[in-house]
Amino acid sequence: SRTLLAELDFGRERKNLEKFARNFADDPMVVIPKVYPDLSTPRILTMERLDGVCLADSARLLEQGHDLDELASRGANIFLEMIFRDEFYHADPHPGNILVLNDSAIGLLDFGMVGRIDDQLRQTMEDMLFALNDNDGEAMCDVICAMGEVPAELNDSAFRRDIGDFLDDYATQSIAELDLGDALNRMMDIIRSY
């Protein structure tokens, strides 16, 4: 309910847009639509129109000569900057909200849902990324266990085996091959089952 009401408050979305624009002001390859405050209200948001190709339209992107691996890498870096540099991120990054513009810049849309990261969560996420990068199942298990309450009946060896299998499946994939949604769903399934 709170998230839905926040998404319907265009005054809040305008402030989010302006903050993202400031955060990426020095990067010409990330485009945040310009807001027209004089033409906006809490119920109307007037902003610059971005012309580009939706990230989901891979056939059209290839037809225009874009390198999908490079776009995936740049997109991932943008979101890593949001999380680890700005501690303020776009919380609805589906392909419909990401455009590839004519000059290969990445345009971001729909800033109604955002998230904030505190220092403790950022450190935990960094530890998880290092464990993933190092394909270190033990470290990944330790980070997951530190994040929540570990049940007394945890089958520790089975949990560590399943996390190791998860890392074997996902840690070696390139960013272009990685289905992030699938990976996150599988990780959550493992965590829930233990």
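Contact here means heavy atoms within 4.5 Å. By that criterion, residues 24 or more positions apart account for 60% of the contacts in the protein with a separation of 6 or more. The model is predicted, and local features need pLDDT of at least 70, side-chain atom pairs count only at pLDDT 80 or more, and totals for chains, interfaces and linings use all residues. Residues are numbered from 1 along each chain as its sequence is written, and side-chain values use heavy atoms, with hydrogens and water left out.

The protein has 194 residues, of which 31% count as buried. Buried means under 20% relative accessible area, exposed means over 50%, and partly exposed lies in between (1.4 Å probe, protein chains only). The protein exposes about 11,800 Å², with carbon and sulfur atoms supplying 51% of it; accessible areas come from the Shrake-Rupley method with a 1.4 Å probe, and for residues only the protein chains shown count as cover. Taken along the principal axes, the C-alpha atoms fill a box of roughly 60 × 40 × 25 Å.

The secondary structure comes to eight helices and six strands. Helices (H or I, at least four residues) and strands (E, at least two) are DSSP runs, numbered from the N terminus. Read from the N terminus on, the elements follow the order α-α-β-β-α-α-β-β-β-β-α-α-α-α.

Strands of a sheet pair through backbone hydrogen bonds, either parallel or antiparallel. In this model, two strands pair if DSSP finds at least two bridges between them. Four strands form an open sheet with mixed pairing, in the order 1-5-4-2. Strand 1 (30-31) and strand 2 (52-54) stand at the edges with a single partner strand each, so one side of each is left without a neighbour in the sheet.

Strand 1 and strand 5 (residues 106-108) pair in the parallel sense over two bridges, and Val31 stands opposite Gly107 in strand 5. Strand 4 and strand 5 run antiparallel and are joined by three bridges, with Val100 opposite Ile106 in strand 5. Strand 2 and strand 4 also run antiparallel, joined by three bridges; here Val100 in strand 4 is the bridge partner of Val53.

Strand 4 is covered on both faces: Ile98 and Val100 on one side and Leu99 and Leu101 on the other are all buried. Helix 4 (residues 68-86) lies across strand 1, strand 4 (98-101) and strand 5, and runs at about 45 degrees to strand 5. Axes are lines fitted to C-alpha atoms, for helices over the stretch in contact, and angles run from 0 to 180 degrees between N-to-C directions.

Strand 4 and strand 5 form a hairpin with four residues between them, and Ser104 in the turn has a positive phi of about 75 degrees, although Ser104 is not a glycine. Ser104 counts as partly exposed, at 25% relative accessibility. Asp110, in the loop between strand 5 and strand 6 (114-116), has a positive phi of about 60 degrees and is not a glycine either. Asp110 is partly exposed, with a relative accessible area of 24%.

Ile32 is found in the loop between strand 1 and strand 2. Ile32 is buried, with a relative accessible area of 11%. Not counting residues up to four places away in sequence, Ile32 touches Leu17, Phe20, Ala21, Glu48, Leu108 and Phe111. Ile32 and Ala152 are 120 residues apart in sequence and 48 Å apart in space, C-alpha to C-alpha.

Next comes a pair of helices. Two packed helices are described by the angle between their axes and the distance between the axes. The axes of helix 6 (residues 137-147) and helix 7 (residues 156-170) come within 9 Å and cross at roughly 120 degrees. Gly137, Glu138, Met140, Cys141, Asp142, Ile144 and Cys145 in helix 6 meet Phe159, Arg160, Ile163 and Leu167 in helix 7. The residues of this contact divide into seven nonpolar, one polar and three charged; Ala, Val, Leu, Ile, Met, Phe, Trp, Tyr, Cys and Pro count as nonpolar, Asp, Glu, Lys and Arg as charged, and the others, Gly among them, as polar.

Pro151 is found in the loop between helix 6 and helix 7. Pro151 counts as partly exposed, at 28% relative accessibility. The C-alpha atoms of Pro151 and Tyr194 are separated by 7.9 Å, with the two residues 43 apart along the chain.
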